[in-house]
Every structure is written in C-alpha cells, then in structure tokens.
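Here is a short briefing on one protein chain. Look over the sequence and the model, then read the points below.

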Amino acid sequence: MAQRKRLGDILQERGLLSKEQLKQALDYQRSTGDKLGTALMKLGFISPEDIADALSEHLRIPRVDFKRRYISSDVVKLVPENIIREQQVLPIELDGNFLSVAMVDPLNIMVIDDLHRITGYLIKPMIATAEEIESAYQRSLDIASTAQQVLAQYSEDNGQAAESEEKEKAEAQFIGNAPGVKLAKMILEQAVKQRASDVHLEPREDDLRVRFRIDGIMRDIMVVPRHLRGDVNSRIKVMANLDITERRRPQDGRMQMRLGDLIVDMRVSTLPTVHGEKIAVRLLSRSQDLLDIDEFGFSSQNYEKVQRMLRQSQGLILVTGPTGSGKTTTLYGFLNQLNSPEKNIITVEDPVEYRLPGINQVQINPKVDLTFAAGLRSVLRQDPDIIMVGEIRDGETAEIAVRAALTGHLVLSTLHTNNAVASVARLLNMGLEPYLISSTVIGVIAQRLVRTICTECREEIPLENPVLERFIRALGLEPPTTVFRGKGCPLCGDTGYRGRAMVEEVLLFSKELRQAIDSGAHEGELREIALRGGMQTLQIAAVDKLVRGITTAEEVLRTVYSVEEEAV
C-alpha cells in the first residue's frame, strides 16, 4: 500500500497552510493534546471545510457533498435526535446491510460501535463538518411527517372534545406537550428554516391548510386536521398578544422567535372567513445584511444613478412597483446608507417592518387619526433632514411630501405604478401641479423581483418558448439560442430556484424631462425622452438577467411580460 500523506503536508500542498503556521499548530497541539485539525481551526489558520476536505484525502474516507445528495427522513430516523446532535453524526444512506453516516470525527470507534448497536447495521463513516451536518439534518426534517408523529399521540375523540371547549382557557395553550403548541412552533420554525416570507394558515371545511410563500411563490406545506386547527390558531394568537376569544373581526399583532443566534420578528394578521379564522404571519429577519444596497443587484449604470440621487440634500426619490416587489426593502437600504449621527432621519410607516438603529420610526395609527398625511405634518415640525414616507396613497400625502422636498428636505417614498415614467402621471392624477413634480422629483426606481436559478443544479437548455422570443424581438433584441434553468436538487428543495434578484428601471430626471413635464407632455413623450437619456427598461433588464443565467424564461414572462411590448 502507498504511504498515507500527512494532514499537514496535504494542507501545504493545497496552499492553505504555511510552514510557520504548521509549526505553530504542532506546538499548540503538543501543549493542549488536541488533534492537529482542531488545533489549526482554533488558531484560525484553516476553515472546517478545508480540514474536512484534507482529512478525506488523508484518511481515504469519502467526503459528503450534501448539496447533491438527497437524504430520506426515514433513514435519518434510524438514529435518535439526541445522538445526532451530541455526537455530530447524520445517517445519510442505507445500502443493504451498510449504513453510511456523515461524521465530524470518522475515527471515533466508540461512536461507530454505538451507531451499530442502535441501528443494527454496519457503519460506513463519511466526513462532513458540524455545520454541514446540522444544516442537512434541518433540511431532512419533513414537517408533514414530523407533524404526523405529534398527531399520532392524540386520538380523534380527544381532539374533538378539545375543539368544543371554550378557548378562553388560554393556560392550556402554554402546556409544552400540547399538540397545538407543538404544531404551531414546528410550523413557524420550519418557515424560518425554509426562508419563507409569509406563513398562511387557511381554514377549509374539513382541515387547516398550511402554506409558505418562498421566493415570492406560495407552496403547500401540510394539512392540520380540523380538530386541532383551533389549538394551532389559538397558540399563535396567544404568542402575538391577540384576543383568542374574538374570532368575528380582524386583529393584528406582533411576536418574536429566536432560532439560535437569529431573531425573527413576526407580524400576525387574522381574518374571519366562512370556514373559520385565517391567519397570515409575515416573517421579518433582523439581519441587516438585507439592507446593503451594494448587494441589491443594481447594474453598474443604475447603481451610479442611484448614488447620484442619494447624494442630493433635498428633493423627492420614489420607488415604484406592485405589492411584493421589494420597494420597502430598497427604501431601508437607502436609509441604511444615508444614516449618520449628523442627520435627523424620521420615517412614517404602515407598518414599521425593520427596526433601524439611529432612525426615528413612526407607526401610523388611523384609529387615533395618525395617518400618513397627519404623521408627515408632525414630522416636519421635528426638524428632519431626511424623511421616509412608507407610501404615497392620496393627494394630501403627495402634496405634503412634495412641499417638504421643495423646502429643503430629502424625501423618500413609494408609489404603486407599473414603471418609472408612469409615476409622473400618477402624481398628476393625485392633483399635483406639473411644476411641483418637475422641480422636486430627483428620480424614480421601478423594480420587480425575479427568482434566481439555483447555482448547484443550473443547466443550459435551448430557448424554445415562442412567446418569449417574440417578446424579446419586440424589445429590439435578438433572442439567445440557449438559456438556463435549475433541474432541482436538495439545496433548492427541487424547485430549481434559490433566492431572488432585483430587476430595475432607474429614471434620473434630466433638464429635458423636467421641461417636458412643465409643458404638459403625455406619458409616451416622457418615456421617449427617458429612453433617449439612457434609461434601461424593466423588460430589457430582465432579459439581461435571463441571458446571463441569473433567472429563467418563465420568471421573465411572470414578472415583466407585456402584451403591449410584444405588439409593438
């Protein structure tokens, strides 16, 4: 047999470790008794992934690639959860009498013997990091099958009796082993793990349907039996400090959930329907990574235009698009960049979705006449430098926002329009004078969100969609011969998509455009001026992401397809 390479030599050959670092690690190892790999990680010289790769070569034990491997929940259940977590192992494949198990330490004979005793199978160790094992374990948990284990503990008769009891007995909802508590917790935790933005609990005649919105698309997750739906709903209402005895009128509340180091704010809304109470939960991660505009995916040309807008000290910047297109997130990203101790920034929102340190955020409350317009008037008396208005919904709010921009404030807000130029017509329809629009608006960003192709299962395919081909030609472009799609893999949950990217249209107001607005030019003329000035349309931006393999043909048609464009 060939002599086995030493771990340190392998890492040096790969350019991951210097001789001096290896010497330091060996000295540290001698003083602590740690294994060399542990010493290298403690000293910060090598990542766990690099150690696992090198150990695989050093020990000649296979390395697990979880991204390309499906793991059956039935196989995972062969080993108790406490063993999986305590020993950092994960059963991943059963082949005859052999059980392949991912292990952080594949040389731990005692753990291998315990696994053999527990499962009855011969253990074939494989190498993975602790983080990879934990992540794969979470992905392997099938919420529907796990829920069935919970439901199996309770008979239908007991459940029906519980349904008839008065829900005022809220203390029952706090019992840790109650099925409603377990199911509600399980549903919310799974939503966070699957990166869902919304959870929908929808009562039907015979059950409660649970759906998640992931990357903007609704997905069926599980069905809760009728006799437990009241318990699940009540538990979530209790967590959100809502009145569990009130089911005839809508309610709104908030709650928090912690998963490890992650804190998730949740906004809860209830709605009475013919079959019972529907609950929608909006999940809002506190991670500030979402608020860095460098990561939004602006094209280099549009990024520079946005930066020019944000350098202005006064004027109105608008972000437009339909519901769910990421407008509020974009505004928060702008505020995050503009935020500094020298500036007084105040927002008026409905609701306040993310809490930004150093920024004064106001939640509107129509019950006490704190509307957008009233809140904006009050904000102007607070000596602001920058004002963010969550949405311009009416002429009164538009008038106050424009007047604020005219008197030396930088105002950020959103509108519901299909494109950037249409925002001018929308403001005119709200009753604003053309000169107010031309003299205050700095620019408009229209945007959509497209699902991005999973990088692990992306493949190139011929473009064979005649509708999309006609659409692209109508834009004055030549359709590509090939495009990309995701085949579906464990990482993306077999959808072919993972994450979303912005498709944007940035209109920076020019002198020519301002003069055209003053002269009463119609929307078509304004659009021509914008295009001559270098504005790239939403449609062209989406096609660009299609050609670059960021998104799919289906997503382009779903988000920016226009019959009018195709008919040109």
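**Overview**

The protein chain has 24 helices and 18 strands. Here helices are DSSP runs of H or I with at least four residues, strands are runs of E with at least two, and both are numbered from the N terminus. This is a predicted model, in which local features need pLDDT of at least 70, side-chain atom pairs count only at pLDDT 80 or more, and totals for chains, interfaces and linings use all residues. Residues are numbered from 1 along each chain as its sequence is written, and side-chain values use heavy atoms, leaving out hydrogens and water.

**The whole chain**

- Along the principal axes, the C-alpha atoms fill a box of roughly 85 × 65 × 55 Å.
- Of the 568 residues, 49% count as buried. Buried means under 20% relative accessible area, exposed means over 50%, and partly exposed lies in between (1.4 Å probe, protein chains only).
- Take the contacts with a separation of 6 or more: residues 24 or more positions apart account for 64% of them. A contact means heavy atoms within 4.5 Å.

**Helix pair α15 and α16**

- Helix α15 covers residues 372-380, and helix α16 covers residues 395-406. Their axes come within 8 Å and cross at roughly 20°. Axes are lines fitted to C-alpha atoms, for helices over the stretch in contact, and angles run from 0 to 180 degrees between N-to-C directions.
- α15 and α16 are therefore roughly parallel to each other. Angles under 35 degrees count as roughly parallel, over 145 as roughly antiparallel, 65 to 115 as roughly perpendicular, and the rest as oblique.
- The crossing of α15 and α16 is left-handed. That means the near helix is turned anticlockwise from the far one by less than a right angle; clockwise is right-handed.
- From α15, Phe 372, Ala 373, Leu 376, Arg 377 and Leu 380 meet Glu 396, Thr 397, Ile 400, Ala 401 and Ala 404 of α16.
- By class, this contact of α15 with α16 has seven nonpolar, one polar and two charged residues. Ala, Val, Leu, Ile, Met, Phe, Trp, Tyr, Cys and Pro count as nonpolar, Asp, Glu, Lys and Arg as charged, and the others, Gly among them, as polar.

**Helix pair α22 and α23**

- Helix α22 (residues 538-547) packs with helix α23 (residues 553-560) at about 165°, with the axes 9 Å apart.
- α22 and α23 are therefore roughly antiparallel to each other. Their crossing is right-handed.
- Leu 538, Gln 539, Ala 542 and Leu 546 of α22 make the contact with Ala 553, Val 556 and Val 560 of α23.
- The contact of α22 with α23 has six nonpolar, one polar and no charged residues.

**Covered helices**

- Helix α12 (residues 226-239) is mostly covered, with twelve of its 14 residues buried. Among them are Leu 228, Val 232 and Ile 236, and also Arg 229 and Asp 231.
- Just after α12, Asn 241 takes a positive phi of about 60°.
- In helix α8 (residues 130-140), Ile 133, Ala 136, Tyr 137, Gln 138 and Ser 140 are buried. Their cover includes α5, α6, β1, β2 and α11.

**Exposed spots**

- Met 110 is found in helix α7 (residues 109-119). Met 110 is exposed, at a relative accessible area of 65%.
- Gly 44 sits in the loop between α3 and α4. Gly 44 counts as exposed, at 59% relative accessibility.
- Gly 44 and Arg 229 are 185 residues apart along the chain, and their C-alpha atoms are separated by 49 Å.
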